[in-house]
Amino acid sequence: MNRIDYAGLPDELLAQLKQSRPQSTLQGLCIDALRTLDGHATVDEILVYIYRKHDQVVKRKSVYVTLHRLRDVGDIRQKAKGIWELTT
């Protein structure tokens, strides 16, 4: 587990830390979105939330892959087709 929370850091700083944005950042953004959106959301809702809250445009496929990774470790589950929810 990374000791640094990358969520919300400006892209300029992230570029100085690593060549690409750490995966943990997108995981944190997705978890943050789900927490804020009453514990469940669609990929579209997560994309809009990340843009409005963090002023970042994230690729849909990246969010989708991240959601599946979070599901695989048990942090989230698929509530219904296209709807993701927190498990905790």
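Biologist: Which strands does helix 4 lie across?
Modeller: Helix 4 (residues 60-72) lies across strand 2 and strand 3, and runs at about 110° to strand 2; helices (H or I, at least four residues) and strands (E, at least two) are DSSP runs numbered from the N terminus, while axes are lines fitted to C-alpha atoms, for helices over the stretch in contact (heavy atoms within 4.5 Å), with angles from 0 to 180 degrees between N-to-C directions. This is a predicted model, in which local features need pLDDT of at least 70 and side-chain atom pairs count only at pLDDT 80 or more, whereas totals for chains, interfaces and linings use all residues. Residues are numbered from 1 along each chain as its sequence is written, and side-chain values use heavy atoms, leaving out hydrogens and water.

Biologist: In what order do the 3 strands sit in the sheet?
Modeller: They form an open, antiparallel sheet in the order 1-3-2, where pairing takes at least two DSSP bridges between two strands. Strand 1 (40-41) and strand 2 (76-80) each have a single partner strand, so one side of each has no neighbour in the sheet.

Biologist: How many bridges join strand 2 to strand 3?
Modeller: Strand 2 and strand 3 (residues 83-86) are joined by 4 bridges, and Q78 stands opposite W84 of strand 3.

Biologist: New topic: is L34 buried or exposed?
Modeller: L34, which lies in helix 2 (residues 23-36), counts as buried because its relative accessibility is 0%, and buried means under 20% relative accessible area with a 1.4 Å probe, protein chains only.

Biologist: And what does L34 touch?
Modeller: Leaving aside residues up to four places away in sequence, L34 touches G39, H40, A41, I46, I76, W84 and L86. L34 and L86 are 52 residues apart in sequence, yet their C-alpha atoms are 6.8 Å apart in space.

Definitions and conventions. Buried < 20%, exposed > 50% of the residue type's maximum accessible area, 1.4 Å probe, protein only.
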